[in-house]
Amino acid sequence: MPELPARPGRAYGAPEGETDAERRRRRALFLRELAEARALRDRVQPRRARTARPRHALRMRTFRW
């Protein structure tokens, strides 16, 4: 069984001395890089991106909050 975090406020699996601010900074960097990778993929494969846009719009229209 995996070990639970020592501090109740710390995210599960986070490095030992990591604060919430560091975790948010790491997450922001990850999301920036992910968006950059998606933009690159859209530029490299325009046909796939063109077909993905209406599919994404349909998914968003049918998504229930």
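User: Helices (H or I, at least four residues) and strands (E, at least two) are taken as DSSP runs, numbered from the N terminus. How many helices and strands does the protein have?
Analyst: This is a predicted model, in which local features need pLDDT of at least 70 and side-chain atom pairs count only at pLDDT 80 or more, while totals for chains, interfaces and linings use all residues. Residues are numbered from 1 along each chain as its sequence is written, and side-chain values use heavy atoms, with hydrogens and water left out. Helix 1 covers residues 20-44. The protein has 2 helices and 0 strands.

User: What percentage of the residues counts as buried?
Analyst: Buried means under 20% relative accessible area, exposed over 50%, and partly exposed in between (1.4 Å probe, protein chains only). Accessible areas come from the Shrake-Rupley method with a 1.4 Å probe, and for residues only the protein chains shown count as cover. The accessible surface of the protein comes to about 6,500 Å², with 57% belonging to carbon and sulfur atoms. Of the 65 residues of the protein, the buried share is 6%.

User: Is Glu-18 buried or exposed?
Analyst: Glu-18 is placed in the segment before helix 1. Because its relative accessible area is 8%, Glu-18 counts as buried.

User: Which residue forms a salt bridge with Glu-18?
Analyst: A salt bridge is a side-chain nitrogen of Lys or Arg within 4 Å of a carboxyl oxygen of Asp or Glu. A search of the whole structure finds 1 salt bridge. Side chains of opposite charge can pair when their charged atoms come close. With the closest N and O atoms 2.7 Å apart, the partner of Glu-18 is Arg-26.

User: What is the relative accessible area of Arg-26?
Analyst: Arg-26 forms a salt bridge with Glu-18. Arg-26 counts as partly exposed because its relative accessible area is 47%.

User: Which residues form the positive surface patch?
Analyst: Lys and Arg count as positive and Asp and Glu as negative, whereas His and the chain ends are not counted. The place of a charge is taken as NZ of Lys, CZ of Arg, CG of Asp or CD of Glu. Arg-23 is in helix 1 and is partly exposed, with a relative accessible area of 32%. The positive patch is formed by Arg-23, Arg-24, Arg-25 and Arg-27.

Notes
Patches are made of residues with over 30% relative accessible area and no salt bridge: like charges are joined within 9 Å, nonpolar side chains (Val, Leu, Ile, Met, Phe, Trp, Tyr) within 5 Å.
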